Amino acid sequence: MDALKGRSAAAPFAIFVTPNAEHAYLRRHNEEFRKAGDDCWISTNDSRVLRRAARLAGLDLEFAPGAYVVDQLVRNEIDKDEPITVIGATPEIIEALRAQFGFTRLQHHLPPMGMIRKDDAVRAAIDFIATHPARFVFIAMGPPQSEQFCQRVIADGRSTGIGLCIGSSLSVLTGRSDPAPDWMERSGTVWAYRLIKEPGRLWRRYLVRGMLAMGLCLGDIVRIRLGLKTAGR
């Protein structure tokens, strides 16, 4: 939070990412996504599962999920008259943000589904950020699309602020989606709660990419323990 608050609004556009287990899979299958993680301005762990896996490799991976960061920013840092830009999210979430927090300069752009494969849609979203500058730009499209898009904003070179790749955090903040019970949050089984709530949308993320990612993580743990791999790579 101190780092985010201390960054100048006029600084060149940079990325804030919150990796979870799925990221371990995506990094190995999407070069643009991997580069976003490698080059980001700040990265914080979004997964208790990853934290436990890291401990097996002798690493202390702190826990600072995107939903917690967004909650703190919106409630304690962003003034109601400060410009905010949101890319993604639904009009209902945007109206809820205005109604609940009194934001008077909330700027919203809703790209089409699968926008990262549509050059015109990517250009329109980049133009929107460039012409609606804000200290915080919430990118609410989920991985890998959010991270890929932010890489293209940086390549464009016109924008400022920090692009926060925060998935569904705004939906949770505004009460549009129900958070998991506290005991599931503490136990690291939030993924199971989300899967039960939205199986059609999330089964591939958790049961395919997530499980493959954990296999990759376990392989990394073994290599780190054997001295065949360093923690930073």
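Let's start with Arg158, which is partly exposed because its relative accessible area is 43% (buried is under 20%, exposed over 50%, partly exposed in between, with a 1.4 Å probe and protein chains only). This is a predicted model, in which local features need pLDDT of at least 70 and side-chain atom pairs count only at pLDDT 80 or more, while totals for chains, interfaces and linings use all residues. Residues are numbered from 1 along each chain as its sequence is written, and side-chain values use heavy atoms, leaving out hydrogens and water.

- Arg158 belongs to a network with Arg123, Asp127 and Asp156, joined by salt bridges that share partners (a salt bridge is a side-chain nitrogen of Lys or Arg within 4 Å of a carboxyl oxygen of Asp or Glu).
- Within this group, the closest N and O atoms of Asp156 and Arg158 are 2.8 Å apart, and Asp156 is partly exposed at 23% relative accessibility.
- The whole structure holds 19 salt bridges.
- One of them pairs Asp38 with Arg27, with 2.8 Å between the closest N and O atoms; this pair links distant parts of the chain, from helix H3 (residues 31-39) to helix H2 (residues 21-29), 11 residues apart (helices, H or I with at least four residues, and strands, E with at least two, are DSSP runs numbered from the N terminus).
- Both partners are partly exposed, Asp38 at 42% and Arg27 at 32%.
- Arg152 and Glu32 form another salt bridge, their closest N and O atoms being 3.0 Å apart; here helix H8 is linked to helix H3 across 120 residues.
- Arg152 is partly exposed at 25%, and Glu32 is partly exposed at 25%.

**A buried glutamate**

- Glu147 sits in helix H8 (residues 145-156) and counts as buried, because its relative accessibility is 4%.
- Beyond its neighbours within four places in sequence, Glu147 is in contact with Ile15, Val17, His23, Phe33, Ala36, Gly142 and Cys165 (contact means heavy atoms within 4.5 Å).

**Aromatic rings**

- There are two aromatic pairs in the structure (ring centres of Phe, Tyr or Trp, using the six-membered ring of Trp, lie within 6.5 Å; planes under 30 degrees apart are stacked, over 60 edge-to-face and the rest tilted).
- Phe63 and Tyr68 make an edge-to-face pair, because their planes stand at 75°, with ring centres 5.9 Å apart.
- Phe63 is buried at 17%, whereas Tyr68 is partly exposed at 40%.
- Phe101 and Phe103 are stacked, at 6.0 Å centre to centre and 25° between the planes.
- Phe101 is buried at 19%, and Phe103 is buried at 6%.
- Arg7 lies over the face of Trp41, 5.3 Å from the ring centre (the cut-offs are NZ of Lys or CZ of Arg within 6 Å of the ring centre and within 35 degrees of the ring normal).

**Backbone points to check by eye**

- Most residues other than glycine have a negative phi, and most peptide bonds are trans.
- The peptide bond from Pro143 to Pro144 is cis, with omega near -5°, and Pro144 is in the loop between strand E5 (136-140) and H8.
- Ala89 has a positive phi, near 65°, and is found in the loop between strand E3 (84-88) and helix H6 (91-101).
- Ala89 is also buried, at 13% relative accessible area.
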